[in-house]
Amino acid sequence: MTDKDTFFRVKRTLNVAGQIVDLSEPKVMGILNITPDSFYSGSRQQSENELLRNAEKMLSEGADFLDLGAYSTRPGATDITAEEESLRLIPAIKCIAKEFPAAIISVDTFRANIAKKAVENGAHIINDISGGTLDDKMFETMGKLNVPYILMHIKGNPQNMVHQNNYENMMQEILYHLSERIAQLKAFGVKDVILDPGFGFAKDIAQNYQLLKKLDYFSLLAYPILAGLSRKSMIWKSLNTSANEALNGTSVLNTFALQAGASILRVHDVKEAKECIQLFQLLNK
């Protein structure tokens, strides 16, 4: 089942600072982590020059969005204060916005005050791994900011989510949870929502593959889907390798996500994701 097979018309545009982004052709979001402890070492940015060099590389390879995160959300990651997150994040946003004024910047945060600061300093999209569950001011803030919002499914938080993967009917529960959150976002006037089912967040390896297998179910909610599979442990643990060796597996699963209707691939490796999309489109001409 994909959205073209149903009477549900999935929204295929985003209003980004007055610019209409067309999602009828899949897009790529490049990951830039301003953290010292992200699960994939290749995504860690330790200096302004390194950040700009990696941002330029991703943009030159065709990244449609850059996703900046200053709070590591890998399982069991250390909690940091809002002040520390802001000190890492805001200068990075300013730096990229100044150097690459045409870049569309997404910010990976679950804190409403950080989201507000980010948008005020040049960010265009908020990517909330908690789907509003870790800050009860987030949805209200998003209504005021009037920017696209990535609504992800999670249970618990990054520190305890590995113990929160108990479901009676996982797909039904995630669909219901997201539909409830969408209704709340609408009540606050949020117009542009992107859905992320949350691969690796309160799901074990088998549950992640079940989620990917049924990814097209989320077209029932009529919003674009983001797939964040890049180099995750569902790949490298299944292959008995490591995150550093998980690029090929990422490309395989990204292709499957595209077949299931994903509109955005969130990745560490932009060039390879763009190639997946190019070949996928040739197959679907």
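Contact here means that heavy atoms lie within 4.5 Å, and a residue is buried when its relative accessible area is under 20%, exposed when it is over 50% and partly exposed in between, for a 1.4 Å probe and protein chains only. Helices (H or I, at least four residues) and strands (E, at least two) are DSSP runs, numbered from the N terminus. The structure is a predicted model, in which local features need pLDDT of at least 70 and side-chain atom pairs count only at pLDDT 80 or more, while totals for chains, interfaces and linings use all residues. Residues are numbered from 1 along each chain as its sequence is written, and side-chain values use heavy atoms, with hydrogens and water left out.

The account begins with helix 8. This helix covers residues 247-259. An α-helix has 3.6 residues a turn, so residues three or four places apart point the same way. After helix 8 comes Gly-261, with a positive phi near 105 degrees.

Helix 8 and helix 9 pack at an angle of about 40 degrees, and their axes are 10 Å apart. Axes are lines fitted to C-alpha atoms, for helices over the stretch in contact, and angles run from 0 to 180 degrees between N-to-C directions. Angles under 35 degrees count as roughly parallel, over 145 as roughly antiparallel, 65 to 115 as roughly perpendicular and the rest as oblique; helix 8 and helix 9 are therefore oblique to each other. Their crossing is right-handed, a crossing being left-handed if the near helix is turned anticlockwise from the far one by less than a right angle, and right-handed if clockwise. On the side of helix 8, Leu-247, Ser-251, Asn-254, Thr-255, Leu-258 and Gln-259 take part, and they meet Glu-272, Cys-276, Ile-277 and Phe-280 of helix 9. The residues of this contact divide into five nonpolar, four polar and one charged, where Ala, Val, Leu, Ile, Met, Phe, Trp, Tyr, Cys and Pro count as nonpolar, Asp, Glu, Lys and Arg as charged, and the others, Gly among them, as polar.

Helix 6 also has a partner in helix 5 (residues 170-187), with an angle of about 65 degrees between them and axes 10 Å apart. The two are therefore roughly perpendicular to each other, and helix 5 passes helix 6 in a right-handed crossing. Met-170, Met-171 and Ile-174 of helix 5 meet Gln-207, Gln-210 and Leu-211 of helix 6. This contact comprises four nonpolar residues, two polar and no charged.

Most residues other than glycine have a negative phi, and most peptide bonds are trans. Ala-222, in the loop between helix 6 and strand 9, has a positive phi of about 65 degrees although it is not a glycine; at 22% relative accessibility, it counts as partly exposed. Asn-240 lies in the loop between helix 7 and helix 8 and has a positive phi near 55 degrees. With 71% relative accessibility, Asn-240 counts as exposed.

Beyond its neighbours within four places in sequence, Ala-112 is in contact with Asp-135, Lys-137, Met-138 and Thr-141. Thr-141 belongs to helix 4 and is buried at 14%. Helix 3 and helix 4 (residues 138-145) pack at an angle of about 15 degrees, with axes 9 Å apart, which makes them roughly parallel. The contact is made by Ala-112, Ala-115, Lys-116 and Val-119 of helix 3 and Met-138, Thr-141 and Leu-145 of helix 4. Its residues divide into five nonpolar, one polar and one charged.

Helix 3 is also among the elements that cover the buried residues of helix 2. Helix 2 (residues 82-99) has 18 residues and reaches 26 Å from its first C-alpha to its last, close to the 26 Å expected.

Note on methods. The expected span of a helix is 1.5 Å times one less than its number of residues.
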